[in-house]
There are 2 protein chains.
Amino acid sequence: MNHDSRLSGVLHVLLHMAEHDGPVTSEMLARAMNTNAAVVRRTLAGLRERGFVRSEKGHGGGWRLGRDLAAITLADVYDSLGRPSLFAIGHRDADPACLVEQAVNVHLDGVLREAEALLLARLRAVTLADLSAEFHARFSARPGARSLESSHGGPSRP
Amino acid sequence: MNHDSRLSGVLHVLLHMAEHDGPVTSEMLARAMNTNAAVVRRTLAGLRERGFVRSEKGHGGGWRLGRDLAAITLADVYDSLGRPSLFAIGHRDADPACLVEQAVNVHLDGVLREAEALLLARLRAVTLADLSAEFHARFSARPGARSLESSHGGPSRP
DNA sequence: GTTCATGTAGCAACAATAGCTACATGATAT
DNA sequence: ATATCATGTAGCTATTGTTGCTACATGAAC
């Protein structure tokens with residue numbers, strides 16, 4: 001497992017949801033992501049609890065956005081996933097007796113905390129509306145019909 | 001997922017090396033880190049290739065620093081470890097056909113690249129001499145004899 | 001030549017996401 | 001009512017990487 005791609009995956013399905021009229025089933029979202037419906041339900045569970053998406057059972061059920069695109073930041077999504085670890089590196093021992101290791105931790109943790117603060121600030125500054133604008137710009141500038149066919153990313157009502 | 005602690009571990013043993021007169025065996029370093037001698041040799045291999053440490057076999061052998069503390073940055077050590085992944089999160093697909101996923105990647109990768117640049121700049125700015133100064137400050141300010149006994153971090157010649 | 005220490009190779013353990021199946025729950029259509 | 005559809009969840013396996021360990025070859029010093 002190279003890394004945690006849940007944030008990336010959730011953003012992907014949220015934008016697909018936004019492009020689709022009416023609810024979208026886990027099965028449809030899973031096809032768009034080349035993954036499994038159960039994975040979609042599992043990763044969207046946290047967002048449902050916080051009201052960013054709503055789900056309905058039964059005929060005509062599925063997922064839809066619970067808020068406007070501009071009212072959901074990447075940090076909101078990240079938080080909804082349970083704030084998974086951002087970094088693949090870190091210290092061995094959080095509270096070592098060894099003074100040498102303490103000195104190492106002080107500097108290394110400081111560097112990581114700085115990077116984390118920057119990252120979270122950036123996640124707070126970007127909304128789903130920004131990602132959607134990026135997508136629509138790409139859609140308008142697409143090279144030809146082929147990319148529309150080969151991709152599942154076309155808006156449902158251009 | 002702060003799983004990869006090699007950078008932290010290597011910095012730890014390098015400072016111990018600096019505090020010790022003469023070569024230090026993998027066994028001694030392993031005891032200081034609560035790990036195994038083979039792990040020490042494995043993780044120090046990259047640093048040896050780049051001349052940051054030297055190793056000698058046989059009687060009286062072991063490891064010693066190959067350069068002055070001030071001439072080794074945290075980035076040097078990080079590079080010597082093979083530049084392992086810094087982040088635990090990332091995108092699912094590096095080059096997706098889906099325009100939506102492309103839009104997600106553009107923003108997410110941008111954020112991560114910014115954080116990575118900051119991180120690497122900080123690693124370049126900190127030297128082992130800085131960590132050593134931090135350690136000696138902590139050693140001078142230690143609360144009592146207890147911390148000297150319970151820790152393996154005391155300088156060999158105070 | 002014996003001892004000590006590095007240099008590697010190789011394997012099991014562990015942790016986390018990811019993918020999948022299976023089944024219960026609930027809502028809608030007929 | 002009942003069949004159907006979709007979510008909600010539990011539980012298993014696969015994958016990928018570090019970590020810890022053993023075993024053994026290589027080389028240096030006594």
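Predicted model: local features only at pLDDT ≥ 70, side-chain atom pairs only at ≥ 80, totals over all residues.
## Extent of the contact

The contact draws on 55 residues of chain B and 53 residues of chain A. About 5200 Å² is buried between chain B and chain A, and carbon and sulfur atoms account for 69% of that area.

## Polar and charged interactions

Between chain B and chain A, 15 residue pairs are in polar contact, both residues being at pLDDT 80 or more. The count of salt bridges between the two chains is 2. One of them can be described by its residues: the side chains of A:E114 and B:R122 form a salt bridge, with an N to O distance of 2.7 Å.

## The side of chain B that touches chain A

Three helices of chain B, α1 (6–19), α5 (99–125) and α6 (128–140), each contribute at least two residues to the side that touches chain A. Of the elements on this side, α5(B) gives the most, supplying 18 residues.

Sorted by class, the side of chain B that touches chain A comprises 28 nonpolar, 19 polar and 8 charged residues.

## Relation between the two copies

Chain B is superposed on chain A by a rotation of 180° with 0.0 Å of shift along the axis, and the RMSD is 0.1 Å. The two copies are therefore related as by a two-fold rotation axis.

Both copies use the same surface for the contact: 96% of the contact residues of chain B recur in chain A.

Technical notes
Residues numbered from 1 in each chain as written. Chains lettered and ligands numbered in written order. Heavy atoms only, no water. Contact = heavy atoms within 4.5 Å. Buried area = accessible area lost by both parts, 1.4 Å probe. Salt bridge = Lys/Arg side-chain N within 4 Å of Asp/Glu carboxyl O. Polar contact = N/O pair within 3.5 Å; in protein donor to acceptor, adjacent residues only side chain to side chain. Helix = DSSP H or I, 4+ residues; strand = E, 2+ residues; numbered from the N terminus. Nonpolar A, V, L, I, M, F, W, Y, C, P; charged D, E, K, R; others polar. Least-squares fit on C-alpha atoms with pLDDT ≥ 70 in both.
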